[in-house]
Amino acid sequence: LLKGVGITVEPDALLARAEGRIINPNAELLFQGPVLRDFGFQYLMIARSKAEGDQIRRIIRFFKEGAAPKYRNEALLATPDIFSLKYQTPSNPGILNQFHDMALRTVTVDYAPDGFWSAYEDSQPVAVRMSLQFTELRPVYDKDYEIGPFGNIEQFGGVGY
């Protein structure tokens, strides 16, 4: 309305002049909207036999294929795989943070993690370090921390602490 009559005043300045109040700039600094969480995982894999070397190659290929977009035809691509991760051991169902479904953004493989190349006769590296970078597909909201009536956080998709 003011621009129509040739007056250029910012809304912050108008509020300060009219009511003696200003907008708190810290509110914008502290919260600019929900964010997606990133998680990085590193695995050092050492083959002690040809069978273990073959298994390491299959693991690396699985993650590289999962991170790649799926080719359908020249005009269309399908999305890469979606991963559901969970910390778990046989005796512990998991007390650490939990994740929403995630996309695998990068796969990095270091075939010389000790700083020098070393391989068995079949060319399988002695040691391989694989780094995976995941990003959740939806942000975490306050309701995601709720625990169900029987203490079952998984039933309600809780993200832990």
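Which residues are buried in α3? I noted that the model is predicted before I began. Then I listed Gly53, Ile56, Ile60, Phe63 and Gly66 as the buried residues of α3. They sit on the same side of the helix, because the arc they cover around the axis is only 160°. I turned to the other side of α3 and found Lys50, Ala51 and Arg61 exposed.

Next I looked for what the buried residues of α3 pack against. I wrote down β1 (38-46), β2 (70-71), β4 (82-83), β5 (102-110) and β6 (127-136).

I also checked the length of α3. The helix runs over residues 50-67, which makes 18 residues. At 1.5 Å a residue it should span 26 Å, and its end C-alpha atoms are 26 Å apart, so the two values agree.

Salt bridges came next. I have a count of 6.

I started with Lys50 and Asp54. Their closest N and O atoms are 3.7 Å apart. Both residues lie in α3, 4 residues apart, or about one turn of the helix. Lys50 is exposed, at 53% relative accessible area. Asp54 has 24%, so I put it down as partly exposed.

I then took Glu65 and Arg61. This salt bridge has its closest N and O atoms 2.7 Å apart. The two are separated by about one helical turn, because they stand 4 residues apart in α3. Arg61 is exposed, with a relative accessible area of 56%. Glu65 is partly exposed, with 41%.

Which residues form a nonpolar patch on the surface? I found Leu44, Ile46 and Tyr120, with about 290 Å² of accessible area together. Leu44 lies in strand β1. Its relative accessibility is 47%, so Leu44 counts as partly exposed.

Last, I looked at Tyr87, in the loop between β4 and β5. Tyr87 is partly exposed, with 30% relative accessible area. The C-alpha atoms of Tyr87 and Asn97 are separated by 8.0 Å, and the two residues are 10 residues apart along the chain.

Methods. Residues are numbered from 1 along each chain as its sequence is written. This is a predicted model: local features need pLDDT of at least 70, side-chain atom pairs count only at pLDDT 80 or more; totals for chains, interfaces and linings use all residues. Side-chain values use heavy atoms; hydrogens and water are left out. The expected span of a helix is 1.5 Å times one less than its number of residues. Buried means under 20% relative accessible area, exposed over 50%, partly exposed in between (1.4 Å probe, protein chains only). The arc is that of the directions from the helix axis to the C-beta atoms. Contact means heavy atoms within 4.5 Å. Patches are made of residues with over 30% relative accessible area and no salt bridge: like charges are joined within 9 Å, nonpolar side chains (Val, Leu, Ile, Met, Phe, Trp, Tyr) within 5 Å. Accessible areas come from the Shrake-Rupley method with a 1.4 Å probe; for residues, only the protein chains shown count as cover. A salt bridge is a side-chain nitrogen of Lys or Arg within 4 Å of a carboxyl oxygen of Asp or Glu.
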